[in-house]
Amino acid sequence: MADMRIAVAGIFATIVFATIVFASAATARETNGAQMFRQNWTSAETASDGLGPIYNEASCHACHWFGGGARIRVRPDGEVAGAGVLLRHTFVDGAGDPHYGVQLQNKAVDGVAAEGVADLSAVRAANGLTRFLASVRFASGPGRTAGITMSLRAAPALDSTAVVATVSDAAIIKGADPRDSNGDGISGRVHLLPMAGERPKIGRFNWKATRASVEDQIATALWFDMGLTSPRHTQPQGECTPRQLDCIEASGSPSSDLIVDFDGEQIAALADHVRSLGRLMKVPAQPRVFTDAQCGSCHTPTMETQDGWSVALYSDLLLHDMGDGLTSYGGEGAALPTEWRTTPLIGFRGQLPGHRFLHDGRAATIDEAIRWHGGEAQTSRDAYMSLSAAEKLDLTSFVLTLMSAMPTPPQGD
């Protein structure tokens, strides 16, 4: 019996030791991820790796300040200044500009010409709402190809990433009603992403639900925004096209033994850090007006995780038709021009300086964001417009509280 107790104690000690080692390794990986998130990357000695050749920012932190999203200012003359705002230029089918690719890169390493700069301006629409217009000053090469459409994207806050990652595929599928079989006017659908040699995956990240995992989203952002390679994007030229000869030359000749900038372990570490940004605080009780306006039809208060838990998210992670006012004509996967993934309201950092709303940051307030809603959300928008001033304030204050249900970062930097 004594021998058995010793054996059991030994097994218990081994489990505890293994747990401590695992926790320490996880903590170290997250710390490394935090360092990589804030690091300013540079071009390498050999042009086939490192930052660029063309890029938008040199760090994750530049677009996602302390884990938040884009910071945008509209000046009195209508000029828009911002950090973390990108310009897509694509055909309706999603193919990029033959010369400039899918995304405008406004910076480049020495010896390579940046693609150009987007000048943004805010204009007041006939309905009193603000929209952003973009004009591009191309630094080299031809102008925009005929048939290309432009669309702005504001970097989102990352606070809800961990919660979104835990939601089960079954919960997302359960909420879909693509043919509006219940007749409530809401026909959200799952964005299925084709995978080479695999079953399709369910998109849940990005404005159009075009990425299935945190790791996929990070690897894609590294490649498009910074020209940094990973096992998921190994092309050292980044997004430069065959027509951008200086970019191709600077990237060098790909070889079978090319070392990527971010290996799988580093992508995992960065993903751990991004997931660590969301530490939820207490979620407030819903006001009656949120329910009466049927906001929860798309901004579903809770969803079930892979482990069977219920988590607050205020999104169904589905694609919804939001009407012509929010149309983005360039294709993105199977998402239609008017379709957008329901933005989680939890942890969107809605009260930080420079934060604005919707996919391109056009809305300065929750009120404006709601009034831009159309399509499947038209009924809810109309219900909102019929509320009294006090009820509107009650609803918008509730949404802002949800968006701030995360720790705010230190000021400065």
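Predicted model: local features only at pLDDT ≥ 70, side-chain atom pairs only at ≥ 80, totals over all residues.
Okay, cores first. The largest nonpolar core has 40 residues. If you want to find the residues with the most contacts inside it, click on Val167, Ile172, Ile218, Leu222, Phe262 and Leu270. Quite a few elements give two or more residues to this core: helices H1 (2-38), H3 (161-166), H4 (169-175), H5 (214-226), H6 (245-251) and H7 (264-276), plus strand S1 (54-55). There's also a second, separate core, this one of 28 residues, and Phe290, Leu345, Ala363 and Ala369 are among them.

Let me zoom in on Ile172. What is Ile172 in contact with, leaving aside its neighbours within four places in sequence? You get Val167, Val190, Ile202 and Met303, then Leu317 and Leu318, and also Arg204 and Asp316.

Now the sheet. We have four strands in an open sheet, paired antiparallel, and the order reads S2-S3-S6-S7. Strands S2 (71-74) and S7 (130-138) stand at the edges; each has a single partner strand, so one side of each is left without a neighbour in the sheet. On average, neighbouring strands here are turned by 30° against each other, ignoring direction. At the S2 end, four bridges join S2 to the antiparallel strand S3, residues 79-83. To get your bearings there, look for Arg71, whose bridge partner in S3 is Ala83.

Over to helix H10, residues 378-385. Its buried residues are Ser380, Arg381 and Tyr384. They cover an arc of only 100° around the axis, which puts them on the same side of H10. And what do the buried residues of H10 pack against? That would be helix H9 (366-371) and helix H11 (389-403).

Cys298, for its part, is in no disulfide. Cys295 counts as buried at 18% relative accessibility, and Cys298 does at 12%.

Note on methods. Residues numbered from 1 in each chain as written. Heavy atoms only, no water. Core = buried A, V, L, I, M, F, W, Y, C linked by side-chain atoms within 4.5 Å. Buried < 20%, exposed > 50% of the residue type's maximum accessible area, 1.4 Å probe, protein only. Contact = heavy atoms within 4.5 Å. Pairing = 2+ DSSP bridges. Axes fitted to C-alpha atoms, helices over the stretch in contact; angles between N-to-C directions. Arc of directions from axis to C-beta. Disulfide = S-S within 2.5 Å.
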